[in-house]
Amino acid sequence: MGKPTPQIAALPIQYDKNGGLRVLMVTSRDTGRWVMPKGWTMDGKKPWAAAEIEALEEAGARGHMSRKKIGTYDYDKTLDDGSKLRCRVSLYPMIVQKLKRNWKEKGQRRRHWFSPKSAAKRVKEPELAELLLRLADKPKKEPVLRELLRAA
């Protein structure tokens, strides 16, 4: 297998009224498992801008997007013909400021807020689970998140 195919994803987050970090996840269209809003890179768009579009289309989330990725993870995407494609996903955090009532993929997906620990249990990609568990412990220690929180 050659070099992984690049993909981008949003990591939509917000703090609840008790100061706890929450992660917004959506169900995948094919298997219904919980995933981050993600997709292919887009010609003419910066990766973080493409991730922002995915967050809006898949989760109806708008907010303040980081231009820096918080991490990457790999997974095998099953294509329509049944073959597998190795993908490397760059994850860009977003502080959610608004959730739309109606969005492009509303009829195809569900969305839900989870604690980082609960989100980590639901994903099957080990690197993504590890990143979510890091956020469960000390989210403000993540340089990219600290910067994003200051800017938002």
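**View 1. R134 and its salt-bridge partner.** With a relative accessible area of 37%, R134 counts as partly exposed, a term that covers the range between buried (under 20% relative accessible area) and exposed (over 50%), using a 1.4 Å probe and protein chains only. R134 forms a salt bridge with E142, and the closest N and O atoms of the pair are 2.8 Å apart; a salt bridge here is a side-chain nitrogen of Lys or Arg within 4 Å of a carboxyl oxygen of Asp or Glu. E142, at 12% relative accessibility, counts as buried. Elsewhere, salt bridges that share partners join R29, E58, E105 and R109 into one network. The model is predicted, so local features need pLDDT of at least 70 and side-chain atom pairs count only at pLDDT 80 or more, while totals for chains, interfaces and linings use all residues. Residues are numbered from 1 along each chain as its sequence is written, and side-chain values use heavy atoms, with hydrogens and water left out.

**View 2. The pair E105 and R109.** The side chains of E105 and R109 meet in a salt bridge with an N to O distance of 2.5 Å, and both residues are buried. By the 4 Å rule, the count of salt bridges comes to nine.

**View 3. A salt bridge between two strands.** R88 and D74 meet through their side chains in a salt bridge of 2.7 Å, N to O. Because R88 lies in strand 7 and D74 in strand 6, this pair ties together parts that are 14 residues apart in sequence; strands are DSSP runs (E, at least two residues) and helices likewise (H or I, at least four), numbered from the N terminus. R88 is partly exposed, at 38% relative accessible area, whereas D74, at 11%, counts as buried.

**View 4. The largest nonpolar core.** A nonpolar core is a set of buried Ala, Val, Leu, Ile, Met, Phe, Trp, Tyr and Cys residues joined through side-chain atoms within 4.5 Å. The largest has 27 residues, of which L11, M36, L91 and L132 touch the most other members. Its largest share, five residues, comes from helix 3. Another core, of 17 residues, lies apart from it and has I8, A50, A59 and M65 among its members.

**View 5. The loop residue D81.** D81 has its place in the loop between strand 6 and strand 7, and its relative accessible area of 65% makes D81 exposed. D81 and S66 are 15 residues apart in sequence and, from C-alpha to C-alpha, 35 Å apart in space.
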